[in-house]
Amino acid sequence: MDQAPGSPQGPQDAQSLPTCYRHPDRGTGIRCTRCERPICPECMVSASVGFQCPECVRNGSGTGHAPSATTPRTIAGGTFTADPRLLTKILIGLNLAIYLLQLSIGDDFTQRFELVGRASYEYLGPLEGVAEGQWYRLLTSMFLHGSLMHIVFNMLSLWWLGGPLEAALGRARYLALYLVSGLAGSALTYLLEAPTTPSLGASGAIFGLFGATAVLMRRLNYDMRPIIALLVINLLFTFGPLNIAWQAHIGGLVGGVVIGYAMVHAPRERRSLIQYGVCAVVLVAVVVITLIRTGQLI
C-alpha cells in the first residue's frame, strides 16, 4: 500500500538516509555546516550557525583560530600526552646508563665529566676544569653519581617529583625546568666550592623540582605540609655531616622556585614568552656567575 503524504517514514525511507560518519549504523539527515559530513545527534556540536562535527571543532575549522587554539592545555600551557611520564622515564634511563658507564670505564670517565673548578688529577698533570674552558662540566656532572645509594635516592626522587610535574607543565617546559635548575646548582657550586673539590649528581635538578612542586601545589591550593616536610628533611641532610654539595641544592632550589613561579603564574596571553624568558634570565645568571668565578681562578 502506498504511504499517504505527511505520514511517518517507513523502514525503506529510513534506510535510504546517509549514515553518521562515526556511527555507520545510524541514519541521519543532519550534516556538518563546515565539511558536510553526516552526523547523528550524539556527534553534533552546536555552532553559531547549525552544527559541526567533532573533527571540525577539534581542528578549529572556520573559527578563525589555529588548530592549537582548541587543543587541551595543562595549567602551564603544555599539551596533554598519552604518556605524561615519558620524559621522566627517559631522564631516569639516561642517568642509569651513564652510571653503568662509570662502573665499567672507571675513574677516567668520571673525572672527565664531573664538575671541578680547576685542578690536576695527577702530579704535574695538566689543569682541568671549568676555569680551563671546560664549561660542559656544568651540565655533564648533573648525570653522574658517586655511589649506588646516591643514584637510587636521586632517581626515586626524580620519579616521585618529576612525573606529576611533567604532567602539569608539559614536556618542553618540564625539560627546561630540569636542565636550567640543574645548571643553576652547578653554577653556584662552581662559585662557592673549592676549585679542587669535585662535585657530581642530579641533586641540583632534583631540588629544582622540589621548588617548582611547592609553587605548583600553592597555585592549586593543595596541602603544603607534605612537600614542606620533605623539603626540610632534605635540607637537614644537605647541611648535615655527610659530604654533600649544599651549593648545588640551594642553587637548584632557587632556580626551581623562580622558574616554577613563571611556569604556573604567567598570564595566558604572554605565557610562553614569560616562561621561556625567565628560563633565559636564569641561564644568563649562570653564565655571569661562571664568568665571575673563572676570572677569580685564572
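Visitor: In which helix is Q247 found?

Guide: Helices are DSSP runs of H or I with at least four residues, numbered from the N terminus. Q247 is found in helix α10, residues 246-265. The model is predicted, so local features need pLDDT of at least 70 and side-chain atom pairs count only at pLDDT 80 or more, while totals for chains, interfaces and linings use all residues. Residues are numbered from 1 along each chain as its sequence is written, and side-chain values use heavy atoms, with hydrogens and water left out.

Visitor: Is Q247 buried or exposed, and which residues does Q247 touch?

Guide: Buried means under 20% relative accessible area, exposed over 50%, and partly exposed in between, with a 1.4 Å probe and protein chains only. Q247 counts as buried because its relative accessibility is 3%. Contact means heavy atoms within 4.5 Å. Leaving aside residues up to four places away in sequence, Q247 touches G185, L188, T189, L192 and E193.

Visitor: How many disulfides does a search of the whole structure find?

Guide: A disulfide is a covalent bond between the sulfur atoms of two cysteines. The criterion is a pair of cysteine sulfur atoms within 2.5 Å. The search of the whole structure finds 0 disulfides. C35 is in none, and its nearest cysteine sulfur, that of C53, is 3.7 Å away.

Terms used: Helix = DSSP H or I, 4+ residues; strand = E, 2+ residues; numbered from the N terminus.
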